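The sequence and the coordinates are shown first.

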Number of protein chains: 2
Amino acid sequence: MPYFDAASSAPLHPVARQALLAALDEGWADPSRLYREGRRARLLLDAAREAAAEAVGCRPDELVFTPSGTRAVHDGIAGALAGRRRAGHHLIVSAVEHSSVLHAAATHEADGGTVTDVPVDRTGRVAPGAYAAALREAPGGVALACLQSANHEVGTLQPVAEAAEECAAADVPLLVDAAQSLGWGPTEGNWSLLTASAHKWGGPAGVGLLAVRKGVRFRRVQPADERESGRSPGFENLPAIVAAAASLRAVRAEGAAEAERLRGLVERIRARVPELVPDVEVVGDPERRLPHLVTFSCLYVDGEALLHELDRAEFSVSSGSSCTSSTLTPSHVLRAMGVLSEGNVRVSLPRGTAEADVDRFLEALPGVVAGVRERLGAPKPAEAAADPAPEPEPEPAPEPELVVDSLGKRCPIPVIELAKVIGEVPVGGVVTVLADDEAARLDIPAWCEMRGQTYEGERPADRGVAYRVRRRA
Amino acid sequence: MPYFDAASSAPLHPVARQALLAALDEGWADPSRLYREGRRARLLLDAAREAAAEAVGCRPDELVFTPSGTRAVHDGIAGALAGRRRAGHHLIVSAVEHSSVLHAAATHEADGGTVTDVPVDRTGRVAPGAYAAALREAPGGVALACLQSANHEVGTLQPVAEAAEECAAADVPLLVDAAQSLGWGPTEGNWSLLTASAHKWGGPAGVGLLAVRKGVRFRRVQPADERESGRSPGFENLPAIVAAAASLRAVRAEGAAEAERLRGLVERIRARVPELVPDVEVVGDPERRLPHLVTFSCLYVDGEALLHELDRAEFSVSSGSSCTSSTLTPSHVLRAMGVLSEGNVRVSLPRGTAEADVDRFLEALPGVVAGVRERLGAPKPAEAAADPAPEPEPEPAPEPELVVDSLGKRCPIPVIELAKVIGEVPVGGVVTVLADDEAARLDIPAWCEMRGQTYEGERPADRGVAYRVRRRA
């Protein structure tokens, strides 16, 4: 049963399991105690810290273990902001950071701080110089900047080394969230703080990493605690820490070969899906990306139904579509990229994924998508392709205007209704879609881009929002 | 090799180990995902929550899992204080709470809040009515009160049901830190919040519990997160959570019989140690106490040396003596109780402790203590007993005064030097000990109480502190 959601949580690596079992027997005692069980636990903890620090590329005394990647991010950002309080209250993050970073930024704003969201291009990548610009244009002293090493939803690698240089030039620390990439290799560049999460690389749940380079100002904001240099309160989860460090070593040792193999499988998905399934947009940077992750969106498809049908076909994937989120808004990553969010599928292959499973997925996908589209009454690819495409008239005739009322209808219905009527107005004519579904804001412009129509913008309506689309062909 | 420090961390219960192994295979996926691996993880999480809630005595939706008992305490106190910000900024805690509670209280003070430390008697117990008094005398609106169910260093049970009533009468929530007792039974009384830690009952590290009763105001202070009702951010450590819940059920099922058995062994230690070892004070409430924990202090003994020798004899215990703490101050619990801190030993028996191991401990202890005393040049029990004890004179002769300079000397040396010279002044005479070791403040009065001498108080000296002791016999 192929599990293709490694970016959410990877199955436990065999080395992690083995190390965890051994450490359950050897490492249950308090490592701060002086008796033999405590000394043994301390030795295990020290060895795990050394191994993890080596993989991160920092000194052991710069690294602490936290209970999760999220807590590493929360505590890392809060500690760095508190440590730099005198430098300023401004925080810079990219618009496509993991929600733990954005939630920490929201907390900072609620506490009176200010935040810049650095935009990304359509591939989800921060532009070179974007952090330098954000630093220049900051409304006050900048305490901290954050940039992920690689995006968790679309796999795009970020220019962290460049951003670190831009930050260093401004004497501002850069925190890198390396959750998605640390299993594949160390983070390049002169970062100041780094966070990661063991269950993303095949380690156990319950372990995050927080590295703070010597010389970076840091002040804990939680109550005092002697453990983990005072930076991560609470009894150490030693068996899990040991397993995390051991599996990080193991995945790194297998890393280059397995990355190459998975990159080939992902390449196959990237190339074949648009051939096999009409009206699909593959998103994310085609070159500068994680080896194991690919994301695409399918027009006229309900993401939740698609996930459900893939699950019935025994494929486990995730989605950034609004209907799969508890807030019914599309993923902030897809929004920041400005790409289609409906029918969104993220495939992230765990290590060891069989080639045959990827091929089975490629076999199953077209039928699954077609089935969902059919049930939704989506325009057939044939119909869509058969859109009459007369010669554009030099002067458009008096605007025939059509209004589609999609109020109360959820993604992907407004886009489907738009697609169905666009042929009913002449070229140069306008269709206005009234919709109150948040996904429409992203998906109507994305549909226009994919179908070669002109998106003319939105304006508030009595209820919902009116989206204007001019027929171009 | 007998491990007698269950109160620090209990060895993993076999049921915990078994459940953990099963959940490593079944519960590594993200329980918020809709595919089969996620649904399976969700089922495990829900079942664990129900089991744990039943053991705690609350509704499942009142209980969240945290990464540790410490984080449960930190987040529980911060959330309750934030939720009751309008009610006031005062926090009430007992003086003998776990350091996680006291550190959270210190953070509250640093943030501008105020704190009352409720005192305890010589057994470490809060007096009935003490919380009512603290509530009455609070300098402003009280946001929260905290009381442990049982003390972690001396085993004394606290009157939580009474304190909860006193708090309820004042409409103030009571947070109970049940870390030491939850494995033995539910916490009685009408508490509002409760915290606990799985590795104290034989569950794995990495799991704490935080229960917040419906209707109790609570506002998270960390960044937002969808997991655990927003009260404990970060990916759930599901295998450990499953193991924690399963082992809590298991230890409860064995609870009454095992408690009775361990109580008998502890009773044996309580009775025999003072018979076998001269100049020992057994501390903590003799009746209202945890079944598995006993603490005593040995005059003229260096706690670190004692632990070291016991470790060599293969007994693992802990100590509240100053020399075993990184801050070189005696345990705040012993200080609040006003009992001897030197040569302090806490014995906390894990479930399944063999009677023979306890007997071996009782056999080994006298020789170990005698050895440490001899190396320190402590007064021999015979000498101490042979103190000349003439009839008290009705009018003391003009005060012969002796000054002992113990500056720069660490516990237990100042007390040993005092004991050595007390016979050199006549009855009614005074010995003044100059000391700068923090433990002297606690141990010189405690020595006086144990040896029937009169402690006359302290005053600042040019260096250190001058402690006055009047010879009574």
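## Glu37 of chain A

Glu37(A) is buried, with a relative accessible area of 4%; buried means under 20% relative accessible area, exposed over 50%, and partly exposed in between (1.4 Å probe, protein chains only). This residue belongs to helix 2 (residues 36–56) of chain A. Helices (H or I, at least four residues) and strands (E, at least two) are DSSP runs, numbered from the N terminus.

Neighbours within four places in sequence aside, Glu37(A) is in contact with Trp28(A) and Ala29(A), and with Met1(B), Tyr3(B) and Ser316(B), where contact means heavy atoms within 4.5 Å. Its side chain also makes a polar contact of 3.4 Å with the side chain of Arg36(A). A polar contact is a pair of N or O atoms within 3.5 Å; within protein, one must be able to donate a hydrogen and the other to accept it, and residues adjacent in sequence count only if both atoms are side-chain atoms. Between the C-alpha atoms of Glu37(A) and Glu26(A), 11 residues apart along the chain, the separation is 7.6 Å.

## Basis of the model

This is a predicted model, in which local features need pLDDT of at least 70 and side-chain atom pairs count only at pLDDT 80 or more, while totals for chains, interfaces and linings use all residues. Residues are numbered from 1 along each chain as its sequence is written, chains are lettered from A and ligands numbered from 1 in the order in which they are written, and side-chain values use heavy atoms, with hydrogens and water left out.

## Overall form of chain A

Chain A contains 13 helices and 14 strands. Its division is into domain 1 (14–251), domain 2 (256–376) and domain 3 (389–470), with bounds that come from an automatic or database domain assignment. The C-alpha centres of domain 1 of chain A and domain 3 of chain A are 44 Å apart.

The C-alpha trace of chain A spans about 85 × 55 × 35 Å along its principal axes. Of the 473 residues in chain A, 59% are buried. Among contacts in chain A with a separation of 6 or more, 73% are between residues 24 or more positions apart.

## Nonpolar cores

In soluble globular proteins, nonpolar side chains tend to be buried together. A nonpolar core is here a set of buried Ala, Val, Leu, Ile, Met, Phe, Trp, Tyr and Cys residues joined through side-chain atoms within 4.5 Å. The largest such core has 63 residues, and those with the most contacts inside it are Val56(B), Leu63(B), Phe65(B), Tyr131(B), Leu174(B) and Trp201(B). Helix 7 (residues 238–276) of chain B contributes the most to this core, with 9 residues. Because domain 1 (14–251) and domain 2 (255–376) of chain B both give residues to this core, it lies between them. Another core, of 62 residues, lies apart from it and includes Ala164(A), Leu194(A), Val283(A) and Leu24(B).

## Thr66 of chain A

Thr66(A) lies in strand 1 (residues 63–66) of chain A and counts as buried at 4% relative accessibility. A polar atom of its side chain is 2.8 Å from the backbone oxygen of Ser68(A). Beyond residues up to four places away in sequence, Thr66(A) touches several residues, including Arg71(A), Gly206(A), Leu209(A) and Ser232(A).

## Cysteines and backbone geometry

A disulfide is a pair of cysteine sulfur atoms within 2.5 Å, and the count over all chains is 0 disulfides. The sulfur of Cys448(A) is 15 Å from the closest cysteine sulfur, in Cys411(A), too far for a bond. Cys448(A) is buried at 1% relative accessible area, and Cys411(A) is buried at 7%.

The peptide bond from Cys411(A) to Pro412(A) is cis, with omega near 5 degrees. Pro412(A) sits in the loop between strand 11 (401–405) and helix 12 (413–421) of chain A. In chain B, a cis peptide bond joins Cys411(B) and Pro412(B), with omega about 5 degrees.

Ser229(B), not a glycine, has a positive phi of about 55 degrees. Ser229(B) is in the loop between strand 7 (208–212) and helix 7 of chain B and is exposed at 58% relative accessibility. Glu314(B) has a positive phi near 75 degrees; its place is the loop between helix 8 (303–312) and helix 9 (332–337) of chain B, and it is partly exposed at 35% relative accessibility.
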